[in-house]
Amino acid sequence: MKQKMSYYVSMFSFGVLLVLIPVSGFAIEGLPAITVTKEAGTETYSLSIQVLILMTMLTLLPAGVMMMTSFTRIIIVLAILRQAIGLVQTPSSQTLIGLALFLTFFVMAPVLDKINDAALQPYMAEKIDLETAVQKASEPLRAFMIGQTRRSDLSMFADIAGVKDAKDVDDIPFRVLVPAFVTSELKTAFQIGFLLFIPFLIIDLVVASVLMSMGMMMLSPMIISLPFKIMLFVLVDGWNIIMGTLASSFFT
């Protein structure tokens with residue numbers, strides 16, 4: 001028992017050393033400590049605080065990807081499509097998320113290129129500071145979000161937030177633009193999903209009516225209509241239509 005305890009203690013100590021050695025090297029040669037200048041003097045945050053701030057920002061990254069890009073509209077439409085066909089687990093949720101993610105990269109490629117050219121590359125070349133880089137990076141993203149947001153949603157959230165001094169949509173802060181953009185994306189996604197549901201709903205109604213007229217009321221219409229819905233979706237090249245419609249809806 002003592003040998004096992006000593007073994008666990010030694011392995012734990014070794015793991016702690018493996019973690020602390022790179023951190024100590026990073027503290028010496030890597031990112032400098034955060035310095036905040038106040039009226040009374042200068043306050044410096046340690047490296048552990050910087051790592052905590054960085055990890056906190058990384059946890060907010062998925063929310064930013066979902067709420068400030070085309071991901072929300074795409075994943076909702078794909079989920080509604082799967083429900084309309086009647087397939088509960090096919091395609092799987094992982095497949096839909098991966099498809100939505102790569103289609104998001106395709107849609108957001110022009111915005112990412114502008115951010116790279118206007119903000120990231122000049123910042124890495126030390127031509128601009130961090131504050132200027134963040135401001136330049138937000139401009140293409142803001143233009144994309146404004147282009148996909150309804151003016152009624154912008155006005156509603158601007159009134160709720162009490163933003164009265166915005167003379168143009170470009171003056172609206174992100175705290176107002178983001179919820180307005182998400183609301184518009186949800187509305188657009190459900191509109192597309194409603195149009196997708198109609199042909200599959202017609203097939204369900206036709207099959208249910210035929211089974212009812214034949215007296216086969218104990219047979220579930222879903223069992224009969226599912227192959228017809230899959231066949232219809234394949235014959236009209238449904239995936240090509242869905243992907244093309246979703247992608248082109250952001251460029252109109």
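Phe102 and Phe105 both sit in helix H4, residues 93-124, three residues apart, about one turn of the helix. Helices here are DSSP runs of H or I, at least four residues, numbered from the N terminus. This is a predicted model, in which local features need pLDDT of at least 70, side-chain atom pairs count only at pLDDT 80 or more, and totals for chains, interfaces and linings use all residues. Residues are numbered from 1 along each chain as its sequence is written, and side-chain values use heavy atoms, with hydrogens and water left out.

Back to the two rings. Their centres are 6.1 Å apart and their planes at 90 degrees, so Phe102 and Phe105 form an edge-to-face pair. Rings of Phe, Tyr and Trp (its six-membered ring) pair if their centres lie within 6.5 Å; planes under 30 degrees apart are stacked, over 60 edge-to-face, the rest tilted. Phe102 is exposed, at 61% relative accessibility, and Phe105 is partly exposed, at 43%. The cut-offs are buried under 20% relative accessible area, exposed over 50%, partly exposed in between, with a 1.4 Å probe and protein chains only.

By the ring rule there are five aromatic pairs. Ring pairs also link Phe144, Phe181 and Phe250 into a cluster.

Now the helix packing. H5, residues 130-147, and H7, residues 174-213, pack at about 40 degrees, with axes 10 Å apart. Contact, meaning heavy atoms within 4.5 Å, is made by Ser138, Arg142, Phe144, Met145 and Ile146 of H5 and Phe174, Leu177, Val178 and Phe181 of H7.

How values were computed:
Axes are lines fitted to C-alpha atoms, for helices over the stretch in contact, and angles run from 0 to 180 degrees between N-to-C directions. Helices (H or I, at least four residues) and strands (E, at least two) are DSSP runs, numbered from the N terminus.
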